[in-house]
Amino acid sequence: MASFFRISAIVNMRSASAALALFFAATIVFFCVSAPRFATASTVENLMSGFSFVAILAMGQAFPILVRGIDLSIGAIVGLVGMIVFDLSLIGQLPGYLILPLALLAGALAGAVNGVLVVHLRLQPFIATLATLAAYRGLTYAISGRQLVPGLTTTPIRDPWLTGIETYFDVGGWLGLSRLVNMPWVPLSFVIMLAVFVVLQVLLTSTRFGRDIYATGGNHEAARLAGIRVNNVIIAAYALAGLCAAIAALIMVARFTTATEALGAGMELTAIAAAVIGGVSLAGGVGAMFGPALGAFLLGAILIGLTLQGVPQFVQQIITGAILLAAVGYDRLLSVRRQRRLTAASTAAT
Amino acid sequence: MQEEKTNDRRNFLKTIALGSAAVAGVGAGMFSAPGDRSLAIGVPRARAEGTRYKTAFIQWQPHTVPAAWSKGIEEVLGPQQVIDYELLDGQNKVEVQVSLVETLISQGAAVIFLQPIDSVALAPSIAKAKRAGISVITLNIDATEPHASHVEMNHYYGAMDIAKAMGDAMGGKGKVAILNAPPGIIIRDQRTNGFVDGLKKHHPDIQVVADQVADWDRKKAQDVLNTILAANPDLGGVYGVNDSMALGAVDVAKEKGLLGKIAIFGNDGETAALESIEAGELTGTQYTDVYQQGRLAAPAATVLATGGVEAGAFAQQSRLLMPYVIATKANVGSIQPSQRW
């Protein structure tokens, strides 16, 4: 029974991923044909450099959703971590190799606080993270080195450990492909995104922690009765979302050579959209890393493609909304089918 | 060195020609490259070749000011039939503005007008545009990366003059409050520091008793000012860092019967503010002809796009401070309808 549920969930996930991949491919083909200069190396480069951090945020967001929660605060965590990096580098004059681990730690801690609020104060995830969204953003303003020290508003961060994240590799040149076709240079942020993808995907599919995540998301009570320490799993899921937000913040700070107080504002919604488009079910327990990552690049490709076509941005937002609705509808369809099969199986068994 | 320069120039011309040719040339059935070195700077050559130059303005977020700039820019660029112009929205997000700049670079735009959300954050993108031979013209907020040109309102000195006019209206003494923008933006600092320094210089007896954030917003300004008035009922003046917030202060003054007892000044000079001054409600504002600001930025773009001037050729960035007037009831009538935005 339980194994049947697992198998059917995986089958559903596969077909959702396949549908998304197909849709992504169709979108790319559509823009290659219809949008001027879409099929160029520089567009691919822009997509990789401009949306890798969105993909990382979306993969992080998938964890709270997988355990039937949601994290509205990840945009604020991006802002907070960005400002911590800014302060440590420009006011504290700390070397970048110390700032990097501190930033990741700060992000994970901020995420863990969300988890603690959800688990121990028994707050609705939506309310808990809405509260920390406001609190973290307020804290960002409070610790802003741009206001504490006049003149820092116009001082870029120059630490090579931090700005080095915005590096591009001539992969096409190394492979000799550049002689055949104009190849995009691959930004380090894209490589980081791939690394995050591999680590998190392995974590989800091949470790006990991953199985615990799915079990907790599927049914809290059943998971607890099965001996899973549900509270710890949930806190860890939020901490992972915070950690991913910190990685995204580091990439953004490197890209902009500064952090603003508003850094990351509203990005939680993009991340949630990408995760849902990527087949992560808001009902919990269903989803993987491939979908959210591809979902982020799909949103990016649509934004870039429509901009190249000269479509006004409000139309772009409407289209994004429509795709989100379609994705949720498709998810619902799959879950209804799953439910039916489950009912059929249980009646057959009795 | 000379050779390198010539090469740069040639690459620039090639980028421009091929870039815009790919956009428009295919449709027009023309795909010719310009004969590069014989061209004189400042002479539009594209008409003969059927190519068009792409320009775009990336605004901060929709607001009266960038809308008026865009109209001014369009007025100048529109009749020049070799130039395409579009308005893009930065959605108040640094990452969106950066992504738009990169998209314009890969589109082979000739000139980018930019109202940067942050001076530092957009600097790497401006550097990238320059490397691709694209000129960038900033409006109101300068960037730390030197670029072709910067056209801005005279925030600092204008605010000093506002302080002087407000002090005069208050008889040189009393308490004032500032309804401010959220921190982290250069023009907030310029408009606030100018005002504070102006008071020190012209009216040292006037005291700033409150400086609070009202998010550029009329409604928010009403709430904030109500709180300030509760603590300081004897307030003599209010300075809104933009007109929307000053008009919010006017709403409060009207409601509490304080109109005429409090001097209220705004900044920008949008139509609603000028009308409020004419109605005897708002005391004054710093008026800038924002259409004109757009019209002044546009010809620079034309020269940069069609004249083959290299984006990296600027040892020093040009900088234009807009003229302004402190509009009060005495002189507001002289601002013509066509100058109102």
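I began with helix H7 (residues 186-202) of chain B, which lies across S6, S7, strand S8 (237-240) and strand S9 (263-268) of chain B and runs at about 170 degrees to S6(B). I took contact to mean C-beta atoms, placed from the backbone, within 7 Å. Helices (H or I, at least four residues) and strands (E, at least two) are DSSP runs, numbered from the N terminus. Axes are lines fitted to C-alpha atoms, for helices over the stretch in contact, and angles run from 0 to 180 degrees between N-to-C directions.

The model is predicted: local features need pLDDT of at least 70, side-chain atom pairs count only at pLDDT 80 or more, and totals for chains, interfaces and linings use all residues. Residues are numbered from 1 along each chain as its sequence is written, and chains are lettered from A and ligands numbered from 1 in the order in which they are written.

I next traced the sheet of chain B. Six strands form an open sheet of mixed pairing, in the order S7-S6-S8-S9-S10-S12; two strands pair if DSSP finds at least two bridges between them. At the edges I found strand S7 (206-213) and strand S12 (325-328) of chain B, each pairing on one side only. Neighbouring strands of this sheet are turned by 20 degrees against each other on average, direction ignored.

I then looked up strand S6 (residues 174-180) of chain B, which pairs with S7(B) in the parallel sense over seven bridges. Asn180(B) has Val213(B) in S7(B) as its bridge partner.

Last, I turned to the interface: 28 residues of chain A are in contact with 25 residues of chain B. H2(A) gives the most to the side of chain A that touches chain B, with four residues.

Key:
Two residues are in contact if their C-beta atoms, placed from the backbone, lie within 7 Å.
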